[in-house]
Amino acid sequence: VQTNTSMPYGIEETRNEMKPFEDLLAADMTKLTVQEREIAQNDVHCVGEDFNEEPEMLLQALHMFEKTIETEKSEIYTQALEQGRDYVENPTFRLKFLRANFYDVKRSVRQMLMFLSYKASYFGTDTLGRDITTSDLNDEDKR
């Protein structure tokens, strides 16, 4: 594995820690039928017949997310807040991370902070408080 010294702190270590789990998951996914894989993918993306979000559950998860992010004292998050509080505090933005982590708040907050770190690394810190647009891409990215 080639390490990238420009990666934000902790990302390479996390990637290395996750590799055995990703390999195990990939091996297990190949053993599933097409229908079972579809159900698993629906679960991962929080869609399908079995997923039901109650408004009270959403509000509670968002409240816990806010409390948890406040305790993180993250420099990257502070920068994002300064640039676009409406963007990083938007419930729709935060719900993406909560849903991706099945409402595990601590994991969701960590994932959002990793997302912001990657975003700063690849697109610059001036993009932290907003969505990436095609104008943020250079000629090589557009190819």
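This dialogue walks through several features of a predicted model.

Visitor: What should I know before reading the values?

Guide: This is a predicted model: local features need pLDDT of at least 70, side-chain atom pairs count only at pLDDT 80 or more, and totals for chains, interfaces and linings use all residues. Residues are numbered from 1 along each chain as its sequence is written, and side-chain values use heavy atoms, with hydrogens and water left out.

Visitor: How many helices and strands are there in the protein?

Guide: Helices (H or I, at least four residues) and strands (E, at least two) are DSSP runs, numbered from the N terminus. The protein has seven helices and zero strands. From the N terminus on, its elements run α-α-α-α-α-α-α.

Visitor: What share of the residues counts as buried?

Guide: Buried means under 20% relative accessible area, exposed over 50%, and partly exposed in between (1.4 Å probe, protein chains only). Of the 143 residues, 28% count as buried.

Visitor: How do I read two packed helices?

Guide: They are described by the angle between their axes and the distance between the axes. Axes are lines fitted to C-alpha atoms, for helices over the stretch in contact, and angles run from 0 to 180 degrees between N-to-C directions. Here α1 (residues 11-29) and α6 have axes that come within 12 Å and cross at roughly 125°. That makes α1 oblique to α6. The cut-offs: under 35 degrees is roughly parallel, over 145 roughly antiparallel, 65 to 115 roughly perpendicular, and the rest oblique.

Visitor: Which residues of α1 and α6 meet?

Guide: I11, T14 and R15 in α1 meet M114, S117 and Y118 in α6.

Visitor: How do I read an aromatic pair?

Guide: By the distance of the ring centres and the angle of the planes. Rings of Phe, Tyr and Trp (its six-membered ring) pair if their centres lie within 6.5 Å; planes under 30 degrees apart count as stacked, over 60 as edge-to-face and the rest as tilted. By this rule the count comes to five aromatic pairs. In one, Y118 and Y122 have ring centres 6.0 Å apart and planes at 15°, so the pair is stacked. Both lie in helix α6 (residues 105-123), four residues apart, about one turn of the helix. Y118 is partly exposed at 23% relative accessibility, while Y122 is exposed at 51%. Ring pairs also link Y87, F93, F97 and F115 into a cluster.

Visitor: Where is S74?

Guide: S74 is in the loop between α3 (55-72) and α4 (75-88). S74 is buried, with a relative accessible area of 15%. S74 and L113 are 39 residues apart in sequence and 7.9 Å apart in space, C-alpha to C-alpha.

Conventions. Contact means heavy atoms within 4.5 Å.
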